[in-house]
Amino acid sequence: MTRQFEFNPANVSTILEETWLHLKSAAETETHPWRLGNLATVSEGRPRVRTVILRDVQTDERELICYTDQRSDKISELKDSPWMEWVSYDPITRVQIRLRGSATVHINDECAKQHWWDSSPEHRRGYITVSPPGTMAESAVPNLPDYLFDRLPNDEEAQMGFENFAVIVCRIEHLDWLQLRRNGHLAAQFLWTDKWEGHWKYA
Ligand SMILES: Cc1cc2nc3c(=O)[nH]c(=O)nc-3n(C[C@H](O)[C@H](O)[C@H](O)COP(=O)(O)O)c2cc1C
C-alpha cells in the first residue's frame with residue numbers, strides 16, 4: 001500500500017498538521033487503517049469500547065464524526081456522559097493516535113439530514129432493522145426485513161432508517177501521537193486550550 005505522505009518528525013507542530021491531514025484522508029479512503037477507530041465511552045463509571053468507521057473529519061472544528069443507530073448503547077452512554085476517547089493505529093506508518101474530548105449526538109436535525117443524504121443506499125439499509133440492535137435473537141439471523149435480504153432500499157424504505165440514524169460528533173481537546181520505531185519510539189502530545197499546544201515526550 002502506498003501513501004501520499006508520511007510523518008516528518010523535524011518539528012512537533014508538523015506532526016499535528018500531518019495527523020489531521022492523515023485523518024481527513026482516512027475518512028475518504030476505504031482502505032486507510034485510521035478509517036477504523038476504537039471509540040470509548042463511559043458506562044456507569046466503567047469504560048466501554050467498540051470499533052466505528054470514521055465518516056468525516058472537520059479539522060478546524062477538531063471534529064471526528066461517526067454514525068450509529070440511535071438505539072445503540074453508546075448513544076445512551078454519551079447522553080449520560082459526553083466524554084470519549086478514540087484510538088486508531090496505522091501499521092504502515094506504525095503510528096497510533098489517541099484523541100480525547102467530548103461528543104454530541106445528532107438525531108433528526110440538520111446535521112443528521114446532511115450526513116444521511118450524503119450516505120449510500122447500502123449504508124442506509126443498515127438502519128432498517130427488524131429489532132433494536134442488542135435485542136436477544138432466537139437464532140443467527142441478520143437484523144434486516146426479509147424484503148431487503150437481496151436488494152437495497154428505495155428512497156421511501158430508506159426513510160424508515162433515518163429515524164434510527166444518529167451522527168456522533170467528537171470534538172477533540174487532547175491528542176497523543178506515538179510512532180513505533182526499531183531504533184526507539186517517538187511520542188508527542190497536543191492539548192487544545194484556545195489553540196493547539198504540543199510537545200514531544202518520551203515514549
Ligand atoms: C469493522 C467494524 C466497523 C464498525 N463500524 C461501526 C460504526 O461505524 N458505527 C456503529 O455504530 N457500529 C459499528 N460497528 C459495530 C460496533 O463495533 C458495535 O458492535 C456496535 O455499534 C454496538 O456497540 P454499542 O452496544 O457499544 O453501542 C463496527 C464493527 C466493526 C467490526
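## The ligand and its contacts

In this predicted model, an oxygen atom of the ligand lies 2.5 Å from an N or O atom in the side chain of T68. The side chain of K74 also takes part, with an N or O atom placed 2.6 Å from an oxygen atom of the ligand. At T51 the backbone is involved instead, where an N or O atom lies 2.8 Å from a ligand oxygen. These are polar contacts, meaning pairs of N or O atoms within 3.5 Å; within protein, one atom must be able to donate a hydrogen and the other to accept it, and residues adjacent in sequence count only if both atoms are side-chain atoms. Taken alone, the ligand exposes 620 Å², and the protein buries 58% of that area (Shrake-Rupley method, 1.4 Å probe; for residues, only the protein chains shown count as cover).

## How the model is read

Residues are numbered from 1 along each chain as its sequence is written, and side-chain values use heavy atoms, with hydrogens and water left out. For this predicted model, local features need pLDDT of at least 70 and side-chain atom pairs count only at pLDDT 80 or more, whereas totals for chains, interfaces and linings use all residues.

## The shell around the ligand

The residues around the ligand, each with a heavy atom within 4 Å of it, are L36, R50, T51, V52, I53, Y67, T68, S72, D73 and K74. By class, this shell divides into four nonpolar, three polar and three charged residues (nonpolar: Ala, Val, Leu, Ile, Met, Phe, Trp, Tyr, Cys and Pro; charged: Asp, Glu, Lys and Arg; polar: the others, Gly among them).

Strand β2 gives the largest share of the shell around the ligand, namely four residues. The elements that contribute two or more residues to the shell are β2 (46-53), β4 (63-69) and α2 (73-80); helices (H or I, at least four residues) and strands (E, at least two) are DSSP runs numbered from the N terminus.

## The chain as a whole

Five helices and nine strands make up the elements of the chain, and along the sequence they follow the pattern α-β-β-β-β-α-β-β-α-α-α-β-β-β. Taken along the principal axes, the C-alpha atoms of the chain fill a box of roughly 55 × 40 × 35 Å.

The chain has 203 residues, and 40% of them count as buried. Here buried means under 20% relative accessible area and exposed means over 50%, with partly exposed in between (1.4 Å probe, protein chains only).

Besides giving residues to the ligand shell, strand β2 holds P47. With a relative accessible area of 73%, P47 is exposed. From P47 to S119 the distance is 72 residues in sequence and 30 Å in space, C-alpha to C-alpha.

Between β1 (36-43) and β2 runs a loop that contains E44, a residue other than glycine with a positive phi, near 50 degrees. E44 is exposed, its relative accessible area being 81%. A positive phi, near 60 degrees, is also found at R62, again in a residue other than glycine, and R62 lies in the loop between β3 (56-58) and β4. R62, however, is buried, with a relative accessible area of 10%.

Although R62 and W192 stand 130 residues apart along the chain, their C-alpha atoms are separated by 9.2 Å. W192 belongs to strand β8 (residues 186-192) and is partly exposed, at a relative accessible area of 27%.

## Buried side chains and backbone oxygens

Helix α1 (residues 12-28) includes T19, which is buried with a relative accessible area of 0%. A polar atom of the T19 side chain lies 2.7 Å from the backbone oxygen of I15.

Elsewhere, N164 sits in the loop between α5 (155-162) and β7 (165-179), and at 13% relative accessibility N164 counts as buried. Its side chain has a polar atom that lies 2.8 Å from the backbone oxygen of Y127.
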